[in-house]
Amino acid sequence: MKKKLSIGCILLAAALASCKVKQDSVLHYVDPNIGTAHSRWFFYTPAAVPYGMAKLAPSTNGHYGNASGWEAVGYDTRQNSIEGFVHFHEWQVGGLSYMPTTGKLKVRPGDLDGKTAGYRSNFDRKNEVAEPGYYKVLLSDYGITAELTATKRVGFQRYRFPKNEQSHIILDIGNKQGESGEVTDASIKMIDDTHFEGYVFTYPKYVKIYDPAGKVAMFFYGALSKKPADVTAFTANAIQAKTTAAKGLGAGLVLNYQTAADETIEVKTGLSYTSINNAKLNFATEARDLTFEQARKDAQETWQQELGKISVEGKNEQDKTKFYTGLFHALLGRGIASDVNGAYPKHGGMAGQLPEQKDNGMKAEFINTDAIWGGYWNITQLWALSYPEWYGSFVNTQLQLYKDRGWFGDGIANSEYISGVGTNFVGLAIAAAYNSGIRNYDTELAYQAVKANDLNYKNRILGAGKLDTKAFLQYGYVPHLEQTGRDFVTDSTGSNFSGSHTLEYSFSAYATAQMAKAMGKTADYQELTKYANGWKALLNPKNKLMQPKRADGTFIGKFDPYQPWRGFQEGNAIQYTFYVPQNPGGLVEAIGRDNFNKRLDSIFTVSEKLGFGGGKSIDAFAGINAIYNHGNQPNLHISWLFNFSGQPWLTQKWTRLIGRDFYGTEPIHGYGYGQDEDQGQLGSWYVMNALALFDVKGLTDARPVIQLGSPLFDQAKITLGNQKTLTIVTKNNGKDNFYVQSATFNGKPLDNCWLYRDELMRGGELVFTMGNQPNKNWGTKVPPPSAQ
């Protein structure tokens, strides 16, 4: 006979269950508002799922476009009015803004400074909720509560209106949003009482530069929960009442309602980069019968599952917030561009079809992506650790582009080339994927494409970057060009970024050589390894600095090692001298071990005073003339170089302090003050750093190596990409206990400060015992393998 539970017992059990749910959830550690003072267009898009096409977010400055660099961040914590809720947020892609209002009809958003009145509304952040997969805000000018959530390809918006005879939903689709550039064409129409469809074509700044015949197309199909009383159409030049279609620049529709108090109206919008029909198919497949609440629940369960692949335990709540917010941005940054049926956007607004994929557990999507410059020191290592499906999607996307157009894209938007830095590290990233065992693609085609990226230069297009490949192959380094009035020039004879290009191409050649080695292509391995030593040509034996060279073999004069942009892209000679990740041991030997360690240690000692970047300057390029700049890509590996120079305790010290000081938990101090968070890269660095797992060589070795640092958390439980589990336990942990005293792996003493990656990926338990003073005997006997 079953015993009856008392009401008190039932309530207690419910409370304990509720506590467990809250305790187990990692979502409350994610704070999307961190770093929103100066970020990127993708950065603040809470209403999305990992790598979603639908990335919904409020815009405070979305229609301001991309006046200079990435100033149109979309949402800036220093601004206090919202002009709309936008669906598309990718590098150089933005569009489709909706805004609910009441009162007199307005069809322009108006300006932030209030000089031009529009439909934007003030809001108070105490009335705002931002979580992974969900956003909510009260628009104080209208008394309307707006909520956002999403599936992969469908955006959900829900508005709770006050009682009003003049309530509106503005579908503003024909105006510039974020980085996407000027709208060249737009169309929207009601197809019945509660459904609408349309498209937007834009011409982004970087497409205009790197792929001038290209365009970015966005298509949509939407459904309303309530029929409007009537519809108003507008364009840049006219407003037409009782009209259900609009076409051209500035096009949009206003859905007009009479609302009761607290009346809710929902809008669901299927998205596509290929066609209206596919937007409709995406809608039908993912969301036809899905309610807002179910979509929100599903989105947040997805985030819990994906973030939960790395579970950390520790007493410091701020560290957990930094960790999971960084992981959130890493899983948010790049977005799928393919539809549910495998259609994907091709050059010039056309559509292609992804090949049918074998069921190998890793379906590849076509994804939009910023350049992978520096990504091998953060996001690709995170992908390889626990998210190999996204690494596979990156590789498959670039191979599809190679098949379609003949070249990898440094960065792409809908198959259009939008090269960011012009040095194209796609080949290196693919070689590292192959060497890490991620191979859900035609590996022979991949090798040919990777090799071509390093060695081919005939008819090379601007968007593929590496326009000075011919010169690099001819001289073994890139000759320096210095032409008055031409600050950014790269051609077949050299580059004004000759120093950084030489170092980067040397690293890339090494990666391709290692892929050749792994595939048994001995002749290619030997040829490419010669180019991997190009860095030696630039190391000046007198000052022990990387110094650009002219074609005649002489070093440039009037050399200021702190000067950015002359010979070095987004950095200077002090920073780039340590850019020999393919052979750290060779660099240490060339500089001299004592000199190397003293110089690198003093660099961090000085840069600590500036928060390891540009101090408190709020600017994307803050720190490029400093001696260390964690806010940009060229420096992200150098704190780990002490593992190769016989002083691993300094890697333990400085990596811990960078994580503590550079990264913050505030809207202004998030990823530094001036930062360049390229689609989750700085967040990924924090994650890998906190786990004490990193590879200076970006997994490019034929047998990749993982170097060990200073673990941040008492315990980290990692679901590896092969579904095995790695647990990292930190004994005697503490805020000042930076230093490894001893370590074991699966019960055996670990005397080295590194492991082969294939050993780590077998899973098990890695245990560190820490202390507040260096153990200068641990990890020093056998350094990590340098050049393989």
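**Close-up views of a predicted model**

**View A. Contact of helix 5 with helix 17.** Asp 319, Lys 322, Phe 323, Gly 326, Leu 327 and Ala 330 of helix 5 meet Gly 683, Ser 684, Tyr 686, Val 687, Ala 690 and Leu 691 of helix 17 (contact: heavy atoms within 4.5 Å; helices: DSSP runs of H or I, at least four residues, numbered from the N terminus). Seven nonpolar, three polar and two charged residues make up this contact (nonpolar: Ala, Val, Leu, Ile, Met, Phe, Trp, Tyr, Cys and Pro; charged: Asp, Glu, Lys and Arg; polar: the others, Gly among them). The model is predicted: local features need pLDDT of at least 70, side-chain atom pairs count only at pLDDT 80 or more, and totals for chains, interfaces and linings use all residues. Residues are numbered from 1 along each chain as its sequence is written, and side-chain values use heavy atoms, without hydrogens and water.

View B. Nine strands, in the order 6-7-8-9-18-13-12-11-16, form an open sheet with antiparallel pairing (strands: DSSP runs of E, at least two residues; pairing: at least two DSSP bridges). Strand 6 (128-131) and strand 16 (245-247) are at the edges with a single partner strand each, so one side of each lacks a neighbour in the sheet.

**View C. Pairing of strand 11 with strand 12.** Eight bridges join strand 11 (residues 182-190) and strand 12 (residues 195-203) in the antiparallel sense. Glu 197 in strand 12 is the bridge partner of Lys 189.
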